Amino acid sequence: MAREKIYAMIKYIEDEFECKTCYSTNTQIGSLLPKLRSSHLNPSCNVIKKTYRNIRACRYFENMLAVEWGKKHKEAFAKICPYGVVEIAAPIYYKRYFGGILFAGEFSLTGKLPENILTIDQKKKCNISELNGIRPPELSNERYTKLVSLLEMSAMALAVHASDNLNAQSVQIGEKEFIRNFINGNFRAQIGLGDIARRMGWQSEEYTSRQIKKLFGKGFNKILTDTRLDNAKWLLAESTYRICDVALWSGFSDPLYFCRVFRKHFNCTPREFRLTYTRKKQ
């Protein structure tokens, strides 16, 4: 399906249901369909992140729990985040290709709650409408069914488009650039040699490791760590995120480990790096 048709499908969902859409986890989709959003822009998410300044709970819920739920069930579901925001989500799934989750929201559910629903104990009790002064559009059972159908159709189109193009890309641009693009697009996730082996059609992780060293002159773990650290440096310099959030957004699940690795590579702590960069800007 041409990208213009996918854009049109997404726009129809946003207009019809008065919501915003975005996708999660696989930023390679962003290189193929650059007009799609890779972060939540609905009013409540923006206000919550500004008010509580803690994206760790959001990231864990979106990129871990929601993704695992999508991989397991392979069908659309409703989700209620730790702060009470309701969205509808559909796995971007086609054959063996999994490209993340397509989200649409936010909503206020009316009527009977969907059977397929992901929720978590709320860490922050907050009244969404009081925070942003906006009441999310209501989603009745009938409208929910219609949205699920459209969202699953759009997610399937995304998956087919990405799968076809990424497979073709691996032949057209060469092995080294394809691997580099894959790491750049997925370094925030817990990826390994097996993920590259499957995409390249290579026989084993051992063979994949040898090929990567031959192509890059260094091992997979070194390439992945360097990519994550480069992203961390950018976040430290350009954002006000807490150190633990910088670690999580850069692919490090343990902030203490992140600090040790950062210090080993740059001879300073993340905090010291941020202070030095701030002084230079002034």
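In this predicted model, the side chains of Asp226 and Lys222 form a salt bridge, with an N to O distance of 3.3 Å. Both residues belong to helix α10, which spans residues 220–238. Four residues separate Asp226 from Lys222, about one turn of that helix. The two partners fall into separate accessibility classes: Asp226 has a relative accessibility of 18% and counts as buried, because the cut-off for buried is under 20%. Lys222, at 39%, counts as partly exposed.

Side chains of opposite charge can pair when their charged atoms come close. A search of the whole structure gives nine salt bridges, and the Asp226 and Lys222 pair is one of them.

Another pair sits in helix α1, residues 3–17. Here Asp15 and Lys11 meet through their side chains at 2.7 Å, N to O. Asp15 and Lys11 are about one helical turn from each other because they stand four residues apart in helix α1.

Helix α1 also takes part in a link to a distant part of the chain. The side chains of Arg143 and Glu16 form a salt bridge at 2.8 Å, N to O. Arg143 has a relative accessible area of 27% and is partly exposed. Glu16 is also partly exposed, with a relative accessibility of 27%.

Definitions and conventions. Residues are numbered from 1 along each chain as its sequence is written. This is a predicted model: local features need pLDDT of at least 70, side-chain atom pairs count only at pLDDT 80 or more; totals for chains, interfaces and linings use all residues. Side-chain values use heavy atoms; hydrogens and water are left out. A salt bridge is a side-chain nitrogen of Lys or Arg within 4 Å of a carboxyl oxygen of Asp or Glu. Helices (H or I, at least four residues) and strands (E, at least two) are DSSP runs, numbered from the N terminus. Buried means under 20% relative accessible area, exposed over 50%, partly exposed in between (1.4 Å probe, protein chains only).
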